[in-house]
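Hi everyone, thanks for having me.

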Amino acid sequence: MIITSQKGRGNKIHLLIDGEYKITTDAEFWSLNSVADGTDITDEEWEKLVSAVNYRKAFNKCADYLSRRNHSERELVDKVLKSGVDRDSALKAIERFKELGYINDRDFAFEYTEYLINSKRYSLNRVKQELFHKGIAKDIISEAIDGIEADQAQTVVDIINKSYIRKLTEDGGKEKVIAALMRRGFSYSDIKEAFNRLENDE
(Lines give C-alpha, C1' and ligand atoms only; values in the text may rest on other atoms or scores of the structure.)
Protein backbone atom coordinates (compact mmCIF):
# COMPACT_ATOMS: atom_id res chain seq x y z
CA MET A 1 0.00 0.00 0.00
CA ILE A 2 1.41 3.35 -1.07
CA ILE A 3 0.69 6.30 1.24
CA THR A 4 0.53 9.92 0.11
CA SER A 5 -0.66 13.11 1.76
CA GLN A 6 -2.46 16.18 0.48
CA LYS A 7 -2.84 19.56 2.16
CA GLY A 8 -6.45 20.48 2.81
CA ARG A 9 -8.09 23.64 4.09
CA GLY A 10 -6.49 25.35 7.07
CA ASN A 11 -4.20 22.95 8.85
CA LYS A 12 -5.86 19.78 7.57
CA ILE A 13 -3.86 16.98 5.99
CA HIS A 14 -5.63 14.30 3.94
CA LEU A 15 -4.08 10.84 3.80
CA LEU A 16 -4.50 8.58 0.81
CA ILE A 17 -3.72 4.93 0.18
CA ASP A 18 -3.00 3.97 -3.41
CA GLY A 19 -4.45 7.31 -4.49
CA GLU A 20 -7.73 6.84 -2.60
CA TYR A 21 -8.67 9.20 0.25
CA LYS A 22 -8.83 7.46 3.65
CA ILE A 23 -8.62 9.86 6.59
CA THR A 24 -7.87 13.45 7.63
CA THR A 25 -5.54 14.67 10.36
CA ASP A 26 -3.89 18.00 11.21
CA ALA A 27 -0.56 19.51 10.23
CA GLU A 28 0.88 19.38 13.75
CA PHE A 29 0.22 15.67 14.08
CA TRP A 30 1.57 14.99 10.62
CA SER A 31 4.75 16.96 11.26
CA LEU A 32 5.49 14.62 14.17
CA ASN A 33 4.25 11.37 12.63
CA SER A 34 4.61 11.89 8.89
CA VAL A 35 5.43 9.13 6.46
CA ALA A 36 7.18 10.16 3.28
CA ASP A 37 4.91 10.27 0.24
CA GLY A 38 5.31 7.14 -1.86
CA THR A 39 6.21 4.94 1.12
CA ASP A 40 4.98 1.36 0.86
CA ILE A 41 3.45 0.59 4.26
CA THR A 42 2.00 -2.61 5.65
CA ASP A 43 -1.55 -3.15 6.87
CA GLU A 44 -0.25 -3.20 10.44
CA GLU A 45 1.59 0.09 10.01
CA TRP A 46 -1.49 1.70 8.47
CA GLU A 47 -3.79 0.48 11.24
CA LYS A 48 -1.39 1.85 13.84
CA LEU A 49 -1.32 5.23 12.07
CA VAL A 50 -5.12 5.36 11.77
CA SER A 51 -5.45 4.52 15.47
CA ALA A 52 -3.09 7.40 16.35
CA VAL A 53 -5.02 9.80 14.09
CA ASN A 54 -8.35 8.82 15.67
CA TYR A 55 -6.98 9.10 19.20
CA ARG A 56 -5.70 12.61 18.48
CA LYS A 57 -9.10 13.60 17.10
CA ALA A 58 -10.82 12.22 20.20
CA PHE A 59 -8.32 13.92 22.52
CA ASN A 60 -8.81 17.27 20.78
CA LYS A 61 -12.60 16.92 20.95
CA CYS A 62 -12.42 16.22 24.69
CA ALA A 63 -10.13 19.20 25.22
CA ASP A 64 -12.49 21.45 23.26
CA TYR A 65 -15.60 20.44 25.22
CA LEU A 66 -13.84 20.61 28.58
CA SER A 67 -12.44 24.06 27.79
CA ARG A 68 -16.03 25.34 27.67
CA ARG A 69 -17.29 23.78 30.91
CA ASN A 70 -17.01 20.69 33.08
CA HIS A 71 -18.73 17.53 31.90
CA SER A 72 -19.70 14.24 33.47
CA GLU A 73 -17.93 11.22 32.03
CA ARG A 74 -20.99 9.83 30.25
CA GLU A 75 -21.98 13.23 28.92
CA LEU A 76 -18.53 13.67 27.41
CA VAL A 77 -18.53 10.16 25.92
CA ASP A 78 -21.87 10.88 24.22
CA LYS A 79 -20.69 14.20 22.82
CA VAL A 80 -17.39 12.86 21.49
CA LEU A 81 -19.10 9.88 19.86
CA LYS A 82 -21.63 12.18 18.18
CA SER A 83 -18.73 14.12 16.69
CA GLY A 84 -17.81 11.05 14.64
CA VAL A 85 -15.01 9.63 16.76
CA ASP A 86 -14.92 5.84 17.17
CA ARG A 87 -15.75 4.44 20.62
CA ASP A 88 -12.31 2.95 21.37
CA SER A 89 -10.53 6.24 20.66
CA ALA A 90 -13.14 8.22 22.61
CA LEU A 91 -12.87 6.00 25.69
CA LYS A 92 -9.08 6.01 25.54
CA ALA A 93 -8.95 9.82 25.34
CA ILE A 94 -11.49 10.26 28.13
CA GLU A 95 -9.56 7.88 30.34
CA ARG A 96 -6.49 10.02 29.81
CA PHE A 97 -8.37 13.17 30.87
CA LYS A 98 -9.60 11.31 33.95
CA GLU A 99 -5.99 10.46 34.82
CA LEU A 100 -5.11 14.14 34.44
CA GLY A 101 -7.94 15.10 36.80
CA TYR A 102 -10.09 16.97 34.27
CA ILE A 103 -13.02 14.56 34.54
CA ASN A 104 -14.42 13.75 37.97
CA ASP A 105 -18.08 12.82 38.31
CA ARG A 106 -18.19 13.62 42.03
CA ASP A 107 -16.80 17.14 41.57
CA PHE A 108 -19.10 17.65 38.60
CA ALA A 109 -22.16 16.51 40.59
CA PHE A 110 -21.53 18.98 43.42
CA GLU A 111 -20.81 21.86 41.02
CA TYR A 112 -23.83 21.10 38.82
CA THR A 113 -26.13 20.69 41.81
CA GLU A 114 -25.14 24.13 43.09
CA TYR A 115 -25.76 25.64 39.66
CA LEU A 116 -29.17 24.01 39.23
CA ILE A 117 -30.37 25.05 42.67
CA ASN A 118 -28.93 28.57 42.85
CA SER A 119 -29.10 29.66 39.21
CA LYS A 120 -31.83 27.56 37.61
CA ARG A 121 -33.86 27.37 40.84
CA TYR A 122 -34.74 23.72 40.27
CA SER A 123 -36.29 21.51 42.91
CA LEU A 124 -34.21 18.78 44.54
CA ASN A 125 -36.23 16.18 42.62
CA ARG A 126 -35.46 17.90 39.33
CA VAL A 127 -31.79 18.14 40.28
CA LYS A 128 -31.69 14.40 40.91
CA GLN A 129 -33.23 13.78 37.49
CA GLU A 130 -30.74 16.07 35.76
CA LEU A 131 -27.78 14.39 37.45
CA PHE A 132 -29.13 10.95 36.56
CA HIS A 133 -29.47 12.00 32.91
CA LYS A 134 -25.82 13.09 32.99
CA GLY A 135 -24.86 9.55 34.00
CA ILE A 136 -23.95 10.30 37.60
CA ALA A 137 -24.03 7.26 39.90
CA LYS A 138 -26.84 7.09 42.46
CA ASP A 139 -24.46 7.15 45.44
CA ILE A 140 -22.80 10.32 44.15
CA ILE A 141 -26.21 11.91 43.53
CA SER A 142 -27.23 11.14 47.10
CA GLU A 143 -23.98 12.58 48.40
CA ALA A 144 -24.45 15.79 46.42
CA ILE A 145 -28.09 16.22 47.46
CA ASP A 146 -28.12 15.01 51.07
CA GLY A 147 -26.04 17.86 52.40
CA ILE A 148 -28.48 20.45 51.12
CA GLU A 149 -31.02 21.87 53.53
CA ALA A 150 -33.70 23.36 51.35
CA ASP A 151 -37.14 24.66 52.23
CA GLN A 152 -38.74 23.79 48.89
CA ALA A 153 -41.89 25.80 49.58
CA GLN A 154 -39.83 28.90 50.36
CA THR A 155 -37.85 28.34 47.18
CA VAL A 156 -41.13 28.35 45.28
CA VAL A 157 -42.15 31.59 47.03
CA ASP A 158 -38.88 33.20 45.99
CA ILE A 159 -39.29 32.05 42.38
CA ILE A 160 -42.85 33.37 42.19
CA ASN A 161 -41.84 36.74 43.63
CA LYS A 162 -38.94 37.04 41.21
CA SER A 163 -40.38 35.65 37.99
CA TYR A 164 -44.12 35.03 38.09
CA ILE A 165 -45.80 37.58 40.35
CA ARG A 166 -47.22 39.59 37.42
CA LYS A 167 -48.44 36.50 35.61
CA LEU A 168 -50.65 35.68 38.60
CA THR A 169 -52.79 38.71 37.76
CA GLU A 170 -53.56 37.39 34.26
CA ASP A 171 -56.53 35.20 33.37
CA GLY A 172 -55.51 31.62 34.06
CA GLY A 173 -52.21 32.91 35.33
CA LYS A 174 -52.14 30.85 38.50
CA GLU A 175 -52.61 27.60 36.58
CA LYS A 176 -49.80 28.56 34.19
CA VAL A 177 -47.48 29.40 37.09
CA ILE A 178 -48.25 26.10 38.79
CA ALA A 179 -47.49 24.23 35.55
CA ALA A 180 -44.20 26.11 35.15
CA LEU A 181 -43.19 25.30 38.73
CA MET A 182 -44.06 21.64 38.30
CA ARG A 183 -41.81 21.54 35.22
CA ARG A 184 -39.00 22.65 37.51
CA GLY A 185 -39.72 19.54 39.56
CA PHE A 186 -41.55 21.03 42.53
CA SER A 187 -44.29 18.90 44.06
CA TYR A 188 -47.86 20.15 44.13
CA SER A 189 -47.80 20.11 47.94
CA ASP A 190 -44.76 22.44 48.01
CA ILE A 191 -46.41 24.73 45.45
CA LYS A 192 -49.65 24.79 47.43
CA GLU A 193 -47.75 25.64 50.63
CA ALA A 194 -45.95 28.43 48.78
CA PHE A 195 -49.23 29.99 47.67
CA ASN A 196 -50.53 29.72 51.26
CA ARG A 197 -47.48 31.64 52.48
CA LEU A 198 -47.92 34.29 49.81
CA GLU A 199 -51.58 34.75 50.73
CA ASN A 200 -50.73 34.99 54.44
CA ASP A 201 -48.04 37.58 53.72
CA GLU A 202 -50.59 39.68 51.92
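The largest pocket is lined by 16 residues, and those nearest its centre are Thr24, Thr25, Asp26, Val53 and Lys57. By pocket I mean, on a 1 Å grid over the protein atoms alone, an open set of points with protein on both sides within 12 Å along at least five of seven lines; a lining residue has an atom within 4 Å of a point. Its space comes to about 340 Å³, a volume filled by probe spheres set on the points.

A word on what you're seeing: this is a predicted model, where local features need pLDDT of at least 70 and side-chain atom pairs count only at pLDDT 80 or more, while totals for chains, interfaces and linings use all residues. Residues are numbered from 1 along each chain as its sequence is written, and side-chain values use heavy atoms, leaving out hydrogens and water.

Which element gives the largest share of the lining? That is α2, with 7 residues, and β3 also supplies at least two. Helices (H or I, at least four residues) and strands (E, at least two) are DSSP runs, numbered from the N terminus.

Now, the sheet. Four strands make an open, antiparallel sheet in the order β3-β2-β1-β4; strands pair if DSSP finds at least two bridges between them. At the edges are β3 (20-26) and β4 (39-40), each pairing on one side only. Helix α2 (residues 43-68) packs on this sheet, touching β1 (2-7), β2, β3 and β4, where contact means heavy atoms within 4.5 Å. Finally, β2 (residues 12-17) pairs with β3 over 6 bridges, and isoleucine 17 stands opposite glutamate 20 in β3.

Conventions: Axes are lines fitted to C-alpha atoms, for helices over the stretch in contact, and angles run from 0 to 180 degrees between N-to-C directions. On a 1 Å grid over the protein atoms alone, a cavity is a set of points where a 1.4 Å probe fits but cannot get out, and a pocket is an open set with protein on both sides within 12 Å along at least five of seven lines; lining residues have an atom within 4 Å of a point.
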